[in-house]
Amino acid sequence: MLPLAILAFLLPALSVAQDGGITGPTTSPAAAGYSCNPSICKLPNCNCASTSPPGSLSPSEVPQFIVYTADDAVQSYTLDSVNQFLANRKNPNGCQPKITYYVSLNYTNYTLVTDWYVAGNEIADHTMTHVGSPPDNEVDGNLIALNALAGIPLSAIIGFRAPYLNYTADTLKHLAAARFTYDSSASASIPVTDPATDAYWPYTLDYGMANDCLNVPNICKGQLKLPGFWEVPMYAFFDNRGAAGPHLMDPWLDPANGASAVNDSATLEYMKNTFTAHYTGNRQPIGLYTHPIHTATTYPGVTVSNSTINTINAFLDWAQLQQDVWIVSTEQMLAWVQNPVPLSQLNSFAPLKCSTPEVDKAICDGIPANEQGLLDRCNFPDFPFYTCYGCPQVEPTPDNPNPAQDTSNGKRFRLPANCSTPFWDPIVGNCICNSAACQFQDNSRPIGPNGANLTGGGTVSETSSGTSSPTASFIPFNGNGALSTLPAGIWPTFMLSFFGVVWWLYAV
């Protein structure tokens, strides 16, 4: 077995290899050759690539979305990494922010995917084995395995991101044919303040792509038309160099302004400046696109800079002091784009609400308190995992993503199409509720006066006027107060997962 010191050296190098980044503009108006007829292309099924808010809304009527995503394997330490930034935050309606996790399956613990989904987060496709320009079986196999072993309904997996952000026209064609709703692999690589900006609101490919036209052949100038299929651009941050200084994924890992070393103060400054340009302009979304391993403080032997963690939390603290700011998943943001409503109607906008399934039975359903002692342990030598849905006889692969079940400890039943994950008992094979009468507790609350933000900066008193100052509701994260909070039942899987990674590192 490798010593922790060697593991600590190797693991960051492995995760760096999975980053996606850009060094300058990836498109131009001439390369895009984009033309769309807005009188024909209308929401909710068609949208032209435009810097203006959808639905002809004024920017002052539009929420500022921060789209938070995570890529790669799901493990206790990666969820811990996300939670140190979001677990104690609330959106303006009192709901804890949700994220999109683009899941690849190497070294993923399937039961944690189930838990994360049932908690309200989006699970999306990132291929099975993390390969760029992926063959079709890498995409399709991920869908099949996530459904079979994590109980994610096929209808819920609507999004895709290409590993390394490497995709082709054929990738997009296959996604559309496989009935995905959107891809989010293309870069918005020019600042919103530049007249040639490519920071478009999400758009459909009825008239082709308008992003990445300098990088990906045969997708622009109307060459690739996929009606109804959405592209959700990844919006970069920019340092003082403007378009020559983009920072896309894990921007806090990049030196700013052409320097040779990371300066967290400079990073925070350009993140605030880019956010402000969006917020005071047409309010295109801004994104925090992360590989959680880089900030995973609970991974043994790996040291993460407290300054980096503080920088990310300082940015979110500051952003949440602004009015009408929402931290959301890609799915939530796209739902609003497809059916845009003004700020005054967000109280009744269902995709931003938070509902908790009310299940008080001890069943293996993605609710950690219910599934204690019910998980099936799949003890494969290179990477063991847990699942509610029965261990496969062999490890899933792109050619065989749903192997026959090992029934030596009893048969388990996979999620059927007519039952929701938290209401399915895979041990008995019974849906305890499969109608509209299934109970969900709505935990959202009315948005405060004048859209007052109910987070970071505090909570406006219910009896106060709209002009009252916020009252502090919690201490902003500062490195000392950032608690790593995880659902009960996750930690028993950690050491098993950790030693699986150690074995793999030794084997290669």
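Predicted model: local features only at pLDDT ≥ 70, side-chain atom pairs only at ≥ 80, totals over all residues.
Start with threonine 26. It sits in the loop between helix H1 (4-16) and helix H2 (29-32). Its relative accessibility is 2%, under the 20% cut-off, so threonine 26 counts as buried. Which residues does threonine 26 contact, leaving aside its neighbours within four places in sequence? They are Ser187, Ser189, Asp198, Asp212, Cys213, Leu214 and Asn215.

Now turn to the cysteines. The model has 7 disulfides. One of them joins cysteine 36 to cysteine 48, with an S to S distance of 1.9 Å. Cysteine 36 and cysteine 48 are both in the loop between H2 and strand S1 (64-72), 12 residues apart. The torsion about their S-S bond is -70°, and the link is left-handed. Both cysteine 36 and cysteine 48 are buried.

Another disulfide joins cysteine 41 to cysteine 46, again with S to S at 1.9 Å. The torsion about this S-S bond is about -105°, so the disulfide of cysteine 41 and cysteine 46 is left-handed. Cysteine 41 is buried, at 5% relative accessible area. Cysteine 46 is buried too, at 8%.

Further along the chain, cysteine 419 pairs with cysteine 431. Their sulfur atoms lie 2.0 Å apart in a disulfide. Cysteine 419 is in the loop between strand S16 (385-387) and strand S17 (424-425), while cysteine 431 belongs to strand S18 (residues 430-431), so the pair ties together parts 12 residues apart in sequence. Is this disulfide of cysteine 419 and cysteine 431 left-handed or right-handed? The torsion about the S-S bond is about 85°, so it is right-handed. Cysteine 419 and cysteine 431 are both buried.

Conventions:
Residues numbered from 1 in each chain as written. Heavy atoms only, no water. Helix = DSSP H or I, 4+ residues; strand = E, 2+ residues; numbered from the N terminus. Buried < 20%, exposed > 50% of the residue type's maximum accessible area, 1.4 Å probe, protein only. Contact = heavy atoms within 4.5 Å. Disulfide = S-S within 2.5 Å.
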